[in-house]
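Please look at the structure before reading the points below.

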Amino acid sequence: MGSMAEQNDHQVAFGIDIGGSGIKGAPVDLATGEFAADRLRIPTPDKSTPEAVVEVLAELVGSFDLPDDAPIGVAFPAPLDHGVVRFIANLHKSWKGVDLPALVREATGHEVVAVNDADAAGVGEDRYGAAAGKDGVVLMATLGTGIGSALLVDGVLVPNTELGHLEIDGHDAETKASEAARDREDLSWEKWAKRLQRYFSTVEMLLSPDLIVVGGGVSKHHKKFLPLLDLRAEIVPATLRNRAGIVGAASLAARPH
Ligand code: BGC
């Protein structure tokens, strides 16, 4: 549990969100959850190896005038066991086994915390966005290239839930219900909503969340598909949208719990 002293130590932390197509970063004002300067985006290298990606991270960090003691939070699209990549679905396979915070610390000289991208987004929404002030079981699902998940209980994160990889009807769920699947198969909103219904009903049966927050770029079109879903839990769009990963990672870097 971060002490109050720790919380007050930092006013700004730097957040980085590593995605399949872009690597984005911005300093975050921790009092408000707003960006303290405009976000910068650099395309993810085609061959997204650890060396190539860390070079981009160093360039991103170097483009801002950060205080030396500002911690860096990195959101990464795979489960991380205390910073170490366990397996990877959507970036170069050579990431497996890499200690991400150690690598970024060495490249930038800053203190670094690294977390799963959906966990970062969930914490962002919980501390500053759609789930702020909500107790109970909150589930965040990010619909993008894959499906990311974050589970929070009274604001405490249960890390690395990986619910995008639930096996449903014999398939890895994210291959059927992600935004990438909608795009790939050119599904209508109605057809995609049927798949989301199957997905969220399964998650709801397993975890009984009080609130489900839906993020990812497609959440800006939430009016097209959220009203088509019939669930017991309240289901709402993310409010930080594509800022959530950066904001959540930065916030976790300054206040891990
Ligand atoms: C990965 C998760 C990640 C999600 C969204 C999944 O394929 O296994 O760790 O959170 O994609 O990027």
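A polar contact is a pair of N or O atoms within 3.5 Å; within protein, one must be able to donate a hydrogen and the other to accept it, and residues adjacent in sequence count only if both atoms are side-chain atoms. This is a predicted model, in which local features need pLDDT of at least 70 and side-chain atom pairs count only at pLDDT 80 or more, while totals for chains, interfaces and linings use all residues. Residues are numbered from 1 along each chain as its sequence is written, and side-chain values use heavy atoms, with hydrogens and water left out.

- A polar side-chain atom of Glu162 is 2.5 Å from an oxygen atom of the ligand.
- For His165, an N or O atom of the side chain lies 2.7 Å from a ligand oxygen atom.
- For Asn116, the distance between a side-chain N or O atom and an oxygen atom of the ligand is 2.9 Å.
- The protein buries 94% of the 310 Å² that the ligand exposes when taken alone (accessible areas come from the Shrake-Rupley method with a 1.4 Å probe).

**The shell around the ligand**
- The ligand is surrounded by 14 residues, each with a heavy atom within 4 Å of it.
- Asp117 and Glu174 are among the closest of these residues.
- Helix 4 (117-128) and strand 10 (147-153) are the elements that give two or more residues to the shell (helices, H or I with at least four residues, and strands, E with at least two, are DSSP runs numbered from the N terminus).
- The ligand lies between domain 1 (2-120 + 243-254) and domain 2 (132-239), because both give residues to the shell; the domain bounds come from an automatic or database domain assignment.

**Backbone angles**
- Most residues other than glycine have a negative phi.
- Glu162, in the loop between strand 11 and strand 12 (167-168), has a positive phi of about 50°.
- Asp154, in the loop between strand 10 and strand 11 (156-158), has a positive phi near 50°.
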